[in-house]
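Subject: Handover of a structure and notes on its contents

Dear colleague,

Please find the structure below, which I am passing to you for your files. My notes follow it.

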Amino acid sequence: MEIAWGTILAYLGMFLAVALSGYGSARGVGLAGQVACGVVAEDPTKFGKTMLLTALPGTQGIYGFVIGMLILGRIGGGAPITLDMGLRLLISGLPVGLVGLLSAIWQGRVSAAGIGIVAKRPEEGTKGMVFAGLVETYAILAFIFSYLMVNAI
Amino acid sequence: MRENNFAFAVGRVRVLETRLLDSGKFERMLEARDADEVLRILGETEYAQALAAIKNQNDYEAVLDYERHRVFALVRSMLAPEREIAELYFLRYDLHNLKVLLKAEMTGVNPEGLADEGVFGPQRLQAMISRTGVRANAAGTGTVAVGTDLEKAPDYLAQWIEQGRQAMASGDPQAVDLVLDGAFYRFAAETARQGKWGILERYWLGLIDLTNAISTARCRRMATGSDFLGTALLEGGIIPVKEFVAFYDQSAESFAHFLELHGYGTLFAGKEALTSPAALENAASNYLRQLLADAGQSFMIGPEPIFAYLLAKENEIRKIRIIIVGKLNGIPREILRERL
């Protein structure tokens with residue numbers, strides 16, 4: 001049987017988009033979550049604000065998931081896709097995968113620091129969220145570009 | 001990934017830090033009429049737990065000890081995954097005990113003022129030090145001599161005991177202090193370096209440098225001669241020992257300038273540090289506490305914010321003790337404020 005290289009490359013693109021951004025998000029949420037647990041253990045009233053900050057690095061995983069679904073839609077269930085198209089789909093998955101991975105880890109660190117602000121000065125906690133949000137910009141840009149690339153094929 | 005081991009503890013310490021007493025509370029304690037009122041003010045803070053646990057509330061030492069034990073136990077439980085680093089903080093108490101025990105053996109008196117916050121505790125240390133340990137005999141009617149417990153000690157501790165014993169041979173109790181301090185600071189700096197905790201390493205190297213700076217200032221004040229100074233300095237700091245010796249007979253200003261060149265300029269923000277070794281000592285401990293506190297402020301995740309909290313807590317307890325002792329002895333508040 002002939003190997004459908006195009007389809008395989010497209011699957012690889014899907015895998016990278018979902019797995020890399022998902023791994024980054026898991027690490028980011030994991031770090032921020034532990035700091036948040038420490039804060040809530042001493043002061044349960046801070047749950048709401050720390051929860052929002054903890055959830056922020058989770059969005060990259062969602063972006064990767066959406067791009068993965070789009071690529072899967074392109075692969076479809078029917079005939080094998082061409083090598084050229086498979087390669088394009090692979091490249092389309094890379095922005096959200098790579099930027100998602102790194103930005104989620106760094107956003108996790110900013111969130112962890114932001115949770116420190118919530119612990120010390122709850123009234124200034126929103127500012128920590130703004131800083132964490134700044135990191136999000138680049139995840140969104142990468143997501144938009146991956147989206148445009150998949151749609152351009 | 002190692003920062004994951006500290007994340008929970010750092011989060012918790014962030015909240016605990018907010019419960020440290022602020023300057024307003026200290027001001028009220030200074031203004032208090034007597035020690036009872038100071039304890040009442042403490043009752044409004046996280047010391048309430050300690051006050052509730054200690055039956056005789058006038059026993060302020062017991063209250064402060066309880067609080068220190070409570071905080072230490074909490075931090076130890078949080079840092080269980082990183083025992084090695086956490087123990088660096090508490091080893092200073094073992095070091096203190098080791099000095100007391102060895103010097104007591106040297107002078108043939110009963111050891112006094114042993115601390116029980118250490119990693120090993122005084123009894124185990126004693127068993128490790130004694131050339132022949134003792135244990136209860138099978139019938140429970142007395143004790144039998146057994147071999148030394150030294151083999152149960154970790155390598156570094158066994159080395160310290162060995163080095164301490166060698167220093168004892170000189171007959172000078174201060175030599176024991178010097179050898180053990182140096183061994184501990186170098187061990188702590190090395191452990192921090194291996195764990196890539198740069199600021200902690202800097203802390204212990206700074207401790208060596210500043211201990212040397214204080215010794216130099218003292219020797220200058222007492223005019224002991226530069227040969228004696230050479231024997232009273234600790235090896236292993238950032239500044240080589242021979243540089244301190246070289247600055248022995250220079251002016252106070254050039255000595256200050258020399259330390260400034262090595263990054264210790266903030267020590268001399270108050271001019272007294274130039275002339276008084278005691279003021280320099282105070283400035284040095286503030287400098288080191290600030291070093292860790294700054295690291296804690298940058299919201300990094302690692303052992304530094306936790307060590308900074310512990311140092312701040314111990315400093316707070318020290319200040320409260322000064323106030324209470326001062327109030328009990330009727331010392332005017334202006335003098336107390338100066339001492340703080």
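Predicted model: local features only at pLDDT ≥ 70, side-chain atom pairs only at ≥ 80, totals over all residues.

Residues are numbered from 1 along each chain as its sequence is written, while chains are lettered from A and ligands numbered from 1 in the order in which they are written.

Chain A

Chain A holds five helices and zero strands, and its elements run α-α-α-α-α from the N terminus. Helices (H or I, at least four residues) and strands (E, at least two) are DSSP runs, numbered from the N terminus. The C-alpha atoms of chain A occupy a box of roughly 60 × 25 × 20 Å along the principal axes. Of its 153 residues, 53% are buried. A residue is buried if 20 or more other C-beta atoms lie within 10 Å of its own, exposed if 12 or fewer, and partly exposed in between, with C-beta atoms placed from the backbone. Among contacts in chain A between residues at least 6 apart in sequence, those joining residues at least 24 apart make up 86%; two residues are in contact if their C-beta atoms, placed from the backbone, lie within 7 Å.

Chain B

Chain B has 17 helices and two strands. Buried residues account for 34% of chain B.

The buried residues of α9(B) include B:Val176, B:Val179, B:Leu180 and B:Ala183. An α-helix has 3.6 residues a turn, so residues three or four places apart point the same way. The buried residues of α9(B) pack against α6 (83-107), α8 (155-168) and α10 (198-222) of chain B.

Contact and cores

The contact between the chains takes 14 residues from chain B and 17 residues from chain A. On the chain B side, eight are nonpolar, three polar and three charged. Here Ala, Val, Leu, Ile, Met, Phe, Trp, Tyr, Cys and Pro count as nonpolar, Asp, Glu, Lys and Arg as charged, and the others, Gly among them, as polar.

A nonpolar core is a set of buried Ala, Val, Leu, Ile, Met, Phe, Trp, Tyr and Cys residues joined through C-beta atoms within 7 Å. In the largest one, of 92 residues, A:Val35, A:Ile115 and B:Trp204 touch the most other members. The most residues in this core, eleven, come from α10(B). A second, separate core of 24 residues includes A:Tyr63 and A:Val96.

Two loop residues

B:Lys196 lies in the loop between α9 and α10 of chain B and has a positive phi near 60 degrees. B:Lys196 is exposed, with 10 other C-beta atoms within 10 Å. B:Ala223, in the loop between α10 and α11 (226-231) of chain B, has a positive phi near 50 degrees. B:Ala223 counts as exposed because it has 9 C-beta neighbours inside 10 Å. Most residues other than glycine have a negative phi.

Yours sincerely
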